[in-house]
Amino acid sequence: MKHKSNLWVLLYCVALAFTCLSVYGYTTSPFYHEPGAGDSAIFQLIGKEWVDGKLPYVALWDLKGPLIFFMNYLGYLLTGSRLGVFIVEMVSLTITLYLLWKLLRTGFSAKYSSLLLLFPTFSFAANNVGGNCVEEYLLPLLALSFYLLYQWLSDPDQQQAANHPPKCAFVYGLVLAFSLLTRLTNALGICAAVAVIAFWLMIKGRFKNLFSNLLYFIVGFAVLFIPFASYFAFHHAFDEMWYGTFLYNLDYAAASSSELHSLPAILKALIHFADTWLLLFVSVLVLIANPRRRFAGLIWLFVSLFSIVWLLRGNGYPHYGLISLPCICIAFLEVKLMVENASSRAFRGFVISLSALYGLVTMVYCARSYLVFMSLYDENTELAHYRTLLGDLPADYRRSFIAYNCNPDLYLYENIVPCYRFFVFQDFECHGSNSLKAKMREEFSGNAKWILVKGHAREIAPILETRYTVFKNDASCDLRLYKLK
């Protein structure tokens, strides 16, 4: 009977994942034709060319770790099209939702858990910006981490023995490795929890358990990191991989600044990162109102606080908030415990109202995101401008073509393989990184016959002036097509 029940839950998660990604994951969804894909197009292009033997960073470069390219590699290996990436996303989100259901099930009935699972689904839809984001592939490991962490914090025997299960540390190590191989800052929440646990074990004098956890953490990290490091080292490209994965991103982070300079931007951040704000607020309530859960409240406080600092310090992109999906479930579970232990009706009403407000805001923003995404899909006019400008070129122009500061949709939908590895948003990627500027200028000193430029082409302007002539232009969207002299 239990096996049958789990099967129905799994099918429910599959249905949620399919519906959510079909509508909101429009960059890979088979139900949209040539949507504006943005970053997803970059990941797809690198994954697609990796299948054809072109090594990431060496043949095509981007400022992410190799795991996001590998996910797209798997998709294109599976079907030869973006449908394969959609399938990989489906598997990832289904596993995430099932683990979040298991997490909710530790405090709620099966029916309530299934109902509450809609909220992380709504949040995913509101924040995933078209799908194929770095964060969504990390979510299964994050969901598993929080599930194990909550189980441990709810086990009085483990607390009394002052032990932390090393198997949990193994999963935390996987999270850190996955984050390093995609975007390191996605591991901030888990790393904050790990730091609190390590400090607690030292205070309790449980150094043997601390050493076991450290060992398992390192093994978990190594299990995921070493295969990728070895693969690129075998192909004599470890330095290039490490530069794109980590070293360049130090410059990128230093040059980044918060975009919260206006009231609308602040309100937008509050809504996009509502999951983390909710857990932060709930953790404070736990510390004040639930003495039995104060250690748990301390961990949730550090998890949410460190995540919020990064989310507000960074560029504030909505998909950054996806790492907080497990926070919703943790917040609901802690609210339930507080309501059960509260003697004051006013307090019960307050926490229930807080949860209801969160749910309302999330659903409203989910609907708003659909309208925004659909307008982006309908208004994919840049691709039309690109096609018009390139329409009169010889059929073989794709053999020696590169676009500068242009949308990567052009490569994806026109089946163009860039002739230089720095192939997209070049001025943006060079901002704040002198090392990348030098690499890119050297690359663009080659003999690409055609260069399509959007905007001023700040970093290669001298090269264009001396070695190229303007062949065509489209002043309406600031596009110029250059031809080698």
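The legends below describe close-up views of a predicted model. Local features are given only where pLDDT is at least 70 and side-chain atom pairs only at pLDDT 80 or more, whereas totals for chains, interfaces and linings use all residues. Residues are numbered from 1 along each chain as its sequence is written, and side-chain values use heavy atoms, with hydrogens and water left out.

**View 1. An open sheet of four strands with mixed pairing.** The strands follow the order β1-β2-β4-β3, where strands (E, at least two residues) and helices (H or I, at least four residues) are DSSP runs numbered from the N terminus, and two strands pair if DSSP finds at least two bridges between them. β1 (401-404) and β3 (468-474) are the edge strands, each pairing on one side only. From one strand to the next the twist averages 20 degrees, with axes taken as lines fitted to C-alpha atoms, for helices over the stretch in contact, and angles running from 0 to 180 degrees between N-to-C directions. Helix α18 (residues 381-390) lies across β1, β2, β3 and β4 (479-484), and runs at about 35 degrees to β4; contact here means heavy atoms within 4.5 Å.

**View 2. Strand β1 and its parallel neighbour β2.** Four bridges join β1 to β2 (residues 450-454); Ile 402 stands opposite Ile 451, and the bridge partner of Ala 403 is Leu 452. Phe 401 and Ala 403 point one way from β1, Ile 402 and Tyr 404 point the other way, and all are buried, a term that means under 20% relative accessible area, with exposed meaning over 50% and partly exposed in between (1.4 Å probe, protein chains only). In a regular strand the side chains alternate between the two faces of the sheet.

View 3. Thr 94 is buried, with a relative accessible area of 9%. Not counting residues up to four places away in sequence, Thr 94 touches Leu 10, Cys 13, Val 14 and Ala 17.

**View 4. Helix α6 (residues 118-127), a mostly covered helix.** Eight of the ten residues of α6 are buried, among them Phe 119, Pro 120, Phe 124 and Asn 127. Just after α6, Val 129 takes a positive phi of about 50 degrees.
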